[in-house]
Amino acid sequence: MSGGSSFAPFAIDEDPRTSALLRQLSEVDAWLKGQAHKLATAEEALAVQELVEAMLAGQA
């Protein structure tokens with residue numbers, strides 16, 4: 001909801017690619033340490049790859 005004040009965009013001091021990479025590396029670090037993480041399993045990643053390849057080949 002607008003308060004009626006002048007528009008002031010948020011300052012973007014960091015390249016979003018940098019923050020995304022750091023989040024991904026944090027998940028890899030947790031995975032390597034045997035901790036909970038949000039990375040896909042090898043099976044999940046393969047299923048996505050096969051689906052995308054089928055879509056690109058016109059089979060899905």
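**View 1. R17 lies in helix α1.** Welcome to this predicted model, in which local features need pLDDT of at least 70, side-chain atom pairs count only at pLDDT 80 or more, and totals for chains, interfaces and linings use all residues. Residues are numbered from 1 along each chain as its sequence is written, and side-chain values use heavy atoms, with hydrogens and water left out. R17 counts as exposed because its relative accessible area is 65%; buried means under 20%, exposed over 50%, and partly exposed in between (1.4 Å probe, protein chains only). Its partner here is D15: the two side chains make a polar contact at 2.5 Å. A polar contact is a pair of N or O atoms within 3.5 Å; within protein, one must be able to donate a hydrogen and the other to accept it, and residues adjacent in sequence count only if both atoms are side-chain atoms.

**View 2. Two salt bridges are found in the structure.** A salt bridge is a side-chain nitrogen of Lys or Arg within 4 Å of a carboxyl oxygen of Asp or Glu. Side chains of opposite charge can pair when their charged atoms come close. D15 is partly exposed, because its relative accessibility is 29%. In the other, the side chains of D29 and K33 meet at 3.1 Å, N to O. With 37% relative accessibility, D29 counts as partly exposed, whereas K33 is exposed at 53%.

**View 3. The protein chain has two helices and zero strands.** Helices (H or I, at least four residues) and strands (E, at least two) are DSSP runs, numbered from the N terminus. The expected span of a helix is 1.5 Å times one less than its number of residues. Helix α1 covers residues 16–32, so its 17 residues should span 24 Å, and this agrees with the 24 Å between its end C-alpha atoms. After α1 comes G34, with a positive phi near 75°. Helix α2 (residues 42–56) has 15 residues and reaches 21 Å from first C-alpha to last, close to the expected 21 Å. Just after α2, G58 has a positive phi too, of about 80°.

**View 4. H37 sits in the loop between α1 and α2.** How exposed is H37? With a relative accessibility of 32%, H37 counts as partly exposed. Its side chain reaches the backbone nitrogen of L39 at 3.1 Å. Beyond its neighbours within four places in sequence, H37 is in contact (heavy atoms within 4.5 Å) with E27, A30 and W31. H37 and Q24 are 13 residues apart in sequence, and their C-alpha atoms are 9.9 Å apart in space.

**View 5. V28, W31, L32 and L39 make a nonpolar surface patch of about 380 Å².** Patches are made of residues with over 30% relative accessible area and no salt bridge: like charges are joined within 9 Å, and nonpolar side chains (Val, Leu, Ile, Met, Phe, Trp, Tyr) within 5 Å. Accessible areas come from the Shrake-Rupley method with a 1.4 Å probe; for residues, only the protein chains shown count as cover. Stepping back to the protein chain, 3% of its 60 residues count as buried. The accessible surface of the chain comes to about 5800 Å², of which 60% belongs to carbon and sulfur atoms.
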